[in-house]
Amino acid sequence: MLHPVVRTILQRLGLGLITLFVVSLILFSSIEFLPGDFGEAVLGQAALPETVAAFRKELGLDLPLHERYFDWLGGMLTGDMGNSFSGRGSSGGTDRSRPVIELLAPRLANTLFLASMAAIISVPLALFLGITAALYRNSIYDRSVNALTLTTISFPEFFVAYLLILILSSFLKLFPSLANISPDAPFWDRAYLTFLPALTLTLVIVAHMMRMTRAAIINLMASPYIEMAELKGASKSEIILRHALPNAWAPIVTVIAFNLAYLVVGVVVVEVVFVYPGVGQLMVDAVTTRDVPVVQGCAMIFAATYILLNLFADIISIITNPRLLHPR
Amino acid sequence: MNNEDDLNPSAKAELADQGFSESDLGNHGYSATAEVTQIRARRSFRENIWRGLRSAPPTALFGLTVISLYVFFALFAPLLAPYGEAEIFDMSYAPWSDEFMFGTDQLGRDILSRMIYGARNTVGIAFVTTMFAFVIGGGLGITAAINNGGWLDNLLSRSVDVLMAIPSLIFALILLSMFGANTINLIMIIAVLDSTRVFRIARAVSLNVVVMDYVEAARLRGEKLAWILTREILPNIMPPLVAEFGLRFCFVFLTIAALSFLGVGIQPPTADWGSMVRETAGLIQFAEYDLTAAMTPMLPAAAIALLTVAVNFVVDWFLHKSSGLKD
Amino acid sequence: MSDDRKGTKGDILLEMRDIVIDGYSDDRWHEIVKGVDITLRRGEIMGLIGESGAGKSTLGLAAMGFARPGCRITSGSIVFDGIDLVKATEAERRALRGSRIAYVAQSAAASFNPAHQLIEQTVEATVRKGIKPEDEAKADARKLYRELQLPNPDLIGERFPHQVSGGQLQRVMTAMAMSPRPDLIIFDEPTTALDVTTQVEVLAAMRRIVEQYNTAAIYITHDLAVVAQMADVIKVLRYGETIEDADTRTMLSHPEKEYTKSLWSVRSIEKPEEVSEDVILKVDHVDASYTGSAKVLDDVTIEVPRGHTVAIVGESGSGKSTTARAITGLLPPSKGQILFNGTALPPTLKERSIDQLQKIQMIYQMADTAMNPRQTVRDIIGRPLEFYLGLRGAERDRRLLELVEMIELNESFIDRLPAELSGGQKQRICIARALAASPDLIICDEVTSALDQIVQKGILELLLRLQRELGLTYIFITHDIATVKAISDQIVVMFQGRVVEQGMKSEILSPPYPDYTKLLLSSVPEMDPDWLTGLLAQREKEASASP
């Protein structure tokens, strides 16, 4: 008999794997939905029939579906995501396309850099604002933070981004409006260039996260055992540290994971605004040109990150749940 | 500790139960009709609306005003716009002037006119998409709740779990690359993706109602499913669903704006705010030479932001009012 | 027995004068407590009794200088051992709470922090206030657990709240209150959520421990029989005002106010039992289970005589409500059948004909949730008239009015929504809805247990009158023995999904009893301050007599 904590964690892991499997099925099938003449579209009107046939063969379109899926999945797992469609038809049949992984790898590093910068600022800030707003509920402070964040979450990311560009870049000339970073630049240069996109993301995330944290804490503070602690004469700090905090991990971690996952989405728009060379921009370009292998690669990375973050939050809630930790 | 909006339930019960006085009992004991209760005044629909508006906080009034303005512009766009939606003039990036109030865009189209038509297109498309999402998600959600724990409920709930395990913007991008980016595909894709969120909430609120004894009483009476659905369940889940509609609309509206901004949403020549931001974004570089020109991309972006803020304010007020919901 | 700061019994410990407490709802402040005085002496136990809305919990918390969020103490003075709690600073009040005044809440399961072990929570206040060092406090806690007769007193403290049963948690909470040896404990409906057989044990344990340490207490409840076992003096509250003050014996033997008498009014209904051979419904060797769980009904056989009342009694988990679900077709039996007028009913709801559905109606415990809040009384009662009898328009309205008058309400109620009715009126409308179908059999599932005593009496009398006039048959599901005595002809006792005993009221309620029936019946508190003492003495005697 497994310990309930282990059992529940294994269940969640299994569920996560199943979800990833379904996601991979959807991504894989996206190539099926391409119109019949996509070979010509990719290779150009002038492509020879033989070239088109070779191209289809390279994609494995002559193989049975299930075989193709396992080939593709095996490739995904080993980092071989196929070759990009772009560059195939250029100048008389020479194939200048690059492997997806080559396009993706440097951009992934950039995106992670941007996302971590935003996360490092936003998570502590949002938790601080959310918890203090919940504790000083209905105060002027709470009300104004509340109204401000309600306004901020209503703004599209690009509105916040251009507003910041207009003020901090065009007028004050503090930061560049384009974040065209190069990988070999020193850390502080990259941080400087990345500041505006990171700030944009931070503003959007903090609003969401602060509101969720506040709601979670208020919900917690309404528990009868908090009133009991008050009736046992515990001071405010004792109530928070001893009675609220041990039960707050699960909701707080859920909030953090949810918003880090949201970061994944926000990053796409922000990268485009600032022409930041990340995965998001790559994906948007690939969608516009219907470069399926690149879309598949980018989407797989985004989906896996999102699923892993949620899985992580689930596991934290499981291992902090006294009911599971100390079964009957 | 005297907070206004969080009276605990027991104190509330104590308040609600007070009302009939000792004299009602008298010496002859108990009479059922004598139990005094609170009767709500019967008011007409118009009176209710008027009373609601008068008690509304300034944020909600602001929101309602803004929404009405947008609806007005959307409905009468052709009458209000000085030029046609796709009418091209021979001067691209014209500065702000009497002729072109907000200048022209890269092709020489009047920004003001496109802003006004954008109210119709952008808001209209988001509204239609949200409607679709509600019909799909709401219908399936209530069905799943009635089938609570059955195979249909399990199938639907698990499918929704998987769909929601992928961030919706990313999912939308995948699907748009599969099916191609055009307005019809956009509406269908976003509606289906967003219906998963509607499904969750519709199922959750219906579950609360389905377990009520009055639904069981109707089943015991022998009522058909349709009657139970329309008479017993639907009227009782409307308030949370209406609030959710507002929130989902904001979300859909922002998603479509983001996709259009990325160039894979609403396609030209349809005037749309998200695309307009993208098309005129370059002007922002010229802030030090011509401030008004630099403001041009901010106009459609602000139009999007303003409507979302307005809807959020109204929903916030509605939630507080309808359910006494805490935050 | 008690330490120095206890002083002698008889000194005034708590003096509350002219307390007014407001609560906020519907955008304005209302008075919940309207000028109540309390004087409590050391070692004295005061019972605060009242029905819902009496303001008793609010008043109990005010004795600790505490007002819940949304409440405020607007005037009056609360003097605890010379300290004015209204004028005191929050820090001063906090110093008293958990050291000299302790609190025992109604829902122990929700009031313990799920993240900490029971013993940690038991000694938390004692250690923090420096009354005892930690190891000493824990040793004392184990001693208290033993005195409260908790199983495994040395180890139970290591457990977490979800690992312990409700009755045990309630006792641990009493130990937690007692740990700092307070001068005063507020008990806020501590046994309301418990079954009667558990209630007796918890009551006995609490009484023993407050007597042993000579602790003063305020015991809040809606049940006069319970408070009679605990309290030296009783205060009856209603709508935030004092109705009557007296010592316990006087209050029970010579209540002055009509309202006080009404608090045990259900017990005044007497129904002579009648014998009948004509069986309308037979539950025939029925087994049932919910999917994936063990049997909830095990070979249940019940015969219901036409025109009479069968009461099904039992505690939570006994299967009494499940029996009703099997009869109505909501839970098809896995074995056995239900015979109605001699013919077997199809097991599931779907297979039953409209006619079969019409003849068996159901009334629920919570009238609040049994009526669609968006429908008026006209819709609620009118629907079965249309659905079963095909009545429309004026014909329907005429019948509607007849029904409303039959349940002692009048025309003015017809266009009201459920929210505009009082608890008793709601339950009456539910009765009218059942009557509208012109049924032969009505299943009443705990129909009075959510109501105040005087309202209960009205409903029971109405049901009895309707039975006489219309020849109705009732299956009356309840856990309350007083209600059973008031309404039944026959009684079925259920325990863990089985029928323990079935027979005429007079047979069941008189000896000789099977073990469980005896335990159940003897555990129901009586309006006698010596009942608990007598019961405990008798149980002890029997326990020592049997090997």
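Tutor: Start with the chain as a whole. This is a predicted model. In chain C, residues 24 or more positions apart account for 70% of the contacts with a separation of 6 or more. Chain C holds 21 helices and 20 strands. Buried residues make up 50% of its 547 residues. Along the principal axes, the C-alpha atoms of chain C fill a box of roughly 75 × 60 × 45 Å. A compact globule with 547 residues would have a radius of gyration near 24 Å, so the 26 Å of chain C agrees.

Now the sheet. In chain C, 6 strands form an open sheet, in the order 6-7-8-3-9-10. The pairing is mixed. Strand 6 (101-104) and strand 10 (241-247) of chain C stand at the edges. Each has a single partner strand, so one side of each is left without a neighbour in the sheet. On average, neighbouring strands of this sheet are turned by 15 degrees against each other, direction ignored.

Strand 3 (residues 45-49) and strand 9 (residues 233-238) of chain C run parallel, joined by 4 bridges. Across this pairing, Leu48(C) stands opposite Lys235(C) in strand 9 of chain C. In general, strands of a sheet pair through backbone hydrogen bonds, either parallel or antiparallel.

Last, the packing. Helix 6 (residues 166-178) of chain C lies across strand 6 and strand 7 (184-188) of chain C. Helix 6 runs at about 175 degrees to strand 6 of chain C. Strand 6 is thus an edge strand with a helix lying across it.

Notes:
Residues are numbered from 1 along each chain as its sequence is written. Chains are lettered from A and ligands numbered from 1 in the order in which they are written. This is a predicted model: local features need pLDDT of at least 70, side-chain atom pairs count only at pLDDT 80 or more; totals for chains, interfaces and linings use all residues. Two strands pair if DSSP finds at least two bridges between them. Helices (H or I, at least four residues) and strands (E, at least two) are DSSP runs, numbered from the N terminus. Axes are lines fitted to C-alpha atoms, for helices over the stretch in contact, and angles run from 0 to 180 degrees between N-to-C directions. Two residues are in contact if their C-beta atoms, placed from the backbone, lie within 7 Å. The radius of gyration is taken over C-alpha atoms; the globule rule is 2.2 Å times the number of residues to the power 0.38. A residue is buried if 20 or more other C-beta atoms lie within 10 Å of its own, exposed if 12 or fewer, and partly exposed in between; C-beta atoms are placed from the backbone.
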